[in-house]
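Hi everyone, thanks for coming. Let me put the structure up on the screen, and then we can walk through a few parts of it together.

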Amino acid sequence: MPSFDSLFNAFVTILVTIDPPGLAPLFLAVTRGMNREERQQVSVRASVIGFLVMALFAVAGASILSVFGITLPAFRVAGGFLLFFIAFEMVFERRQDRKEKIGDVAITKDMIHNIAAFPLAIPLIAGPGAISATVLLSGHFDGFAAQAALVGIIFVCLAITYLVFVLAERIDRILGQTGRSILTRLLGVILAALAVQFVADGIKALMAA
């Protein structure tokens, strides 16, 4: 069984790479136009999917990547491109006409499921950084008990993320339509920069290999 220091370091590492406070405004942006019940469904589904993905990589991450011949730098590059696409839509409001009438448009179950899976669960919660950290940490958690402890740490981090999503809904009422529009564009720019950083780090690692 890993020491308390190892468990605490793993908890801090995973929590920082997931960054629940940083995800709160992103959650508001991608669930724009949804009511409380719909956001609740998205937050639960995204947290569950994120937990399952990270738990899978905690137990068999290195084996999965090696089977498909995928390296962590390559995964980081791919995640960066996906994030950049989301950032592009946030900045330029590609679906602006639909969003202007979002209150009159029914949010389908498929839309809720899709948003929860992408981009919230992947790559924002279980992104390249979080998965990379999980895979690297799993190398120091050998044995069933140690792996179970690592999965437990991931569960706690995702529970914290879920609570942040629940609180984010209250922030949405304060922001209003104008605040949401400004926040979406600002976050889009930040996301674009983050995506470029992901790609740059991945390419740098690939070239160094």
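Which residues in H4 meet which residues in H7? Before I answer, please keep in mind that this is a predicted model. On the H4 side we have Leu72, Phe75, Arg76 and Gly79, and they meet Pro128, Gly129, Ile131, Ser132 and Leu136 in H7. Sorted by class, this contact between H4 and H7 has five nonpolar residues, three polar ones and one charged one.

Now, how do the two helices sit against each other? H4 covers residues 72-92 and H7 covers residues 128-138; their axes are 9 Å apart and the packing angle is about 160°. An angle over 145 degrees counts as roughly antiparallel, so that is what H4 is relative to H7. The crossing of H4 and H7 is right-handed.

Next, a look at the record. The unreviewed UniProt entry lists "transmembrane region" for residues 6-30, 42-68, 74-92, 112-138, 144-165 and 186-207. Let me pick out two of those. Residues 74-92 are 100% helix and 0% strand in the model, with 28 Å between the end C-alpha atoms. Residues 144-165 are also 100% helix and 0% strand, and there the end C-alpha atoms lie 31 Å apart.

Finally, some aromatic rings. The count of aromatic pairs comes to four. One of them is Phe4 with Phe8, a stacked pair with 6.2 Å centre to centre and 20° between the planes. Both belong to helix H1, residues 4-18, and because they are four residues apart there, about one helical turn separates Phe4 from Phe8.

That's my tour, thank you!

Definitions and conventions. Residues are numbered from 1 along each chain as its sequence is written. This is a predicted model: local features need pLDDT of at least 70, side-chain atom pairs count only at pLDDT 80 or more; totals for chains, interfaces and linings use all residues. Side-chain values use heavy atoms; hydrogens and water are left out. Axes are lines fitted to C-alpha atoms, for helices over the stretch in contact, and angles run from 0 to 180 degrees between N-to-C directions. Angles under 35 degrees count as roughly parallel, over 145 as roughly antiparallel, 65 to 115 as roughly perpendicular and the rest as oblique. A crossing is left-handed if the near helix is turned anticlockwise from the far one by less than a right angle, and right-handed if clockwise. Contact means heavy atoms within 4.5 Å. Ala, Val, Leu, Ile, Met, Phe, Trp, Tyr, Cys and Pro count as nonpolar, Asp, Glu, Lys and Arg as charged, and the others, Gly among them, as polar. UniProt positions are given in the numbering used here, feature names are shortened, and annotations may be inferred rather than shown by experiment. Rings of Phe, Tyr and Trp (its six-membered ring) pair if their centres lie within 6.5 Å; planes under 30 degrees apart count as stacked, over 60 as edge-to-face and the rest as tilted.
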